[in-house]
Amino acid sequence: MKRFSLQTSTRNQMLDILSDAQKALDSILAESNNQNSNGACLIYCPHTTAAITVNENYDPDVKRDMLHKLQQDIPKDDNYHHAEGNSDSHLKASLIGTSKLVPVENGQIKLGHWQGLLFCEFDGPRQREVWVSFLSAG
Amino acid sequence: MKRFSLQTSTRNQMLDILSDAQKALDSILAESNNQNSNGACLIYCPHTTAAITVNENYDPDVKRDMLHKLQQDIPKDDNYHHAEGNSDSHLKASLIGTSKLVPVENGQIKLGHWQGLLFCEFDGPRQREVWVSFLSAG
Amino acid sequence: MKRFSLQTSTRNQMLDILSDAQKALDSILAESNNQNSNGACLIYCPHTTAAITVNENYDPDVKRDMLHKLQQDIPKDDNYHHAEGNSDSHLKASLIGTSKLVPVENGQIKLGHWQGLLFCEFDGPRQREVWVSFLSAG
């Protein structure tokens, strides 16, 4: 497993992490002399108020609209009991999911044409970590 | 990795893809002379307005109700900025998730008794693709 | 693949299953003489009205708030057609997701500092099962 860090800058944010994830995968495969491997790459967020998704990374309005609608339906304040004021962030993290598994062909993360790999910050700004693992096809 | 195509027929739809996914897995395992393998099968949707889920595939009203409630809470028009008119589709894709990983025993995808493997169209009708990978137990 | 059972006690509930999942993983790795393996562990829920998530397991109010907000936005009764009265449970299962994949290092499930592995009951109380598989890093 390899890790990388990132710094988010607002409370709700989606950041492209594909090149960081590919670098981590390159380094895993280089260490195992396995550069052309097939399988899948697990992109794991070890936090409880952030998540990973795969979605469009072309028009920034898509990310804006997704975050805006999530915030509208799951507002920061809403009769929550948890004293830290971030229950909305925890729920959004569980709805989007703490990890994504993406295909790997010949050592390369393989996404659909319009897809990006997005770190989803729901309680920033914060320093965050992402864990990357490779799983083998056989 | 193997791919198969499907054609959706309405804007929001859930379609059973278990037999297509099993056929793709059969073909992967046959090529690797590995027909009785154990592990997991990654069912990956390379699109940004569709998703994969596992849920009941017996009473069609379950699929109808899930789609109806999603559409009610995340309507097509809702103050979005993205000009293509499908921001709801992108958000639903990220909430349901672009892939599912399901167990494989002796070369067979293993679901719970009432579970089906469902392709979720959120911006159809369209021609779509699904990518299938096998990951080995060890 | 190994299985374990659990009993839920209310309609909506989140229960920590990390130690059960680790025991199942221990038993898988012991059988394959592979105790220090690296890879990932698939925690799979074979039901259609329950799910698995990774989130905070420290302040019980986080679980309470997530369940409360989900119930508020996706109420039990809401113009559904499915006659069993649990369409909300099916949708919540698909939104949270029927499985999670978590990293394994040296045979140990590796979560973030504040993360717990949570079984999410959305139509209890019921007797439930969880399926655990190990996927190898290479």
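A strand, as the word is used here, is a DSSP run of E with at least two residues, numbered from the N terminus. One such run in this predicted model is β7 of chain A, covering residues 115-121, and Glu121(A) belongs to it.

Is Glu121(A) buried or exposed? Buried means under 20% relative accessible area, and Glu121(A) has 0%, so it counts as buried. Its side chain has a partner, too: it makes a polar contact with the side chain of Arg128(A), at 2.7 Å. Leaving aside residues up to four places away in sequence, Glu121(A) touches several others, among them Thr8(A), Arg11(A), Thr49(A) and Arg126(A).

## The sheet in chain C

Now turn to chain C, where 5 strands form an open, antiparallel sheet in the order β1-β8-β3-β5-β6. Its edges are β1 (2-7) and β6 (108-109), each of which pairs on one side only. Strands of a sheet pair through backbone hydrogen bonds.

Let's look at one pair inside this sheet. Strand β3 (residues 39-44) and strand β8 (residues 127-136) of chain C run antiparallel and share 6 bridges. Across from Tyr44(C) you will find Trp131(C), in β8(C). Helix α1 (residues 18-31) of chain C lies across β1, β3, β5, β6 and β8, at about 45° to β8(C).

## How the copies relate

How do you get from chain B to chain C? Rotate by 120° with 0.0 Å of shift along the axis, and chain B superposes on chain C with an RMSD of 0.0 Å. That is the relation of a three-fold axis. In chain B, the C-alpha nearest the axis belongs to Leu95(B), 3.4 Å away from it.

Only 15% of the interface residues of chain B are also interface residues in chain C, so the copies meet through different surfaces.

How values were computed
Residues are numbered from 1 along each chain as its sequence is written. Chains are lettered from A and ligands numbered from 1 in the order in which they are written. This is a predicted model: local features need pLDDT of at least 70, side-chain atom pairs count only at pLDDT 80 or more; totals for chains, interfaces and linings use all residues. Side-chain values use heavy atoms; hydrogens and water are left out. Two strands pair if DSSP finds at least two bridges between them. Helices (H or I, at least four residues) and strands (E, at least two) are DSSP runs, numbered from the N terminus. Contact means heavy atoms within 4.5 Å. Axes are lines fitted to C-alpha atoms, for helices over the stretch in contact, and angles run from 0 to 180 degrees between N-to-C directions. Copies are superposed by least squares on the C-alpha atoms of residues with pLDDT of at least 70 in both. Buried means under 20% relative accessible area, exposed over 50%, partly exposed in between (1.4 Å probe, protein chains only). A polar contact is a pair of N or O atoms within 3.5 Å; within protein, one must be able to donate a hydrogen and the other to accept it, and residues adjacent in sequence count only if both atoms are side-chain atoms.
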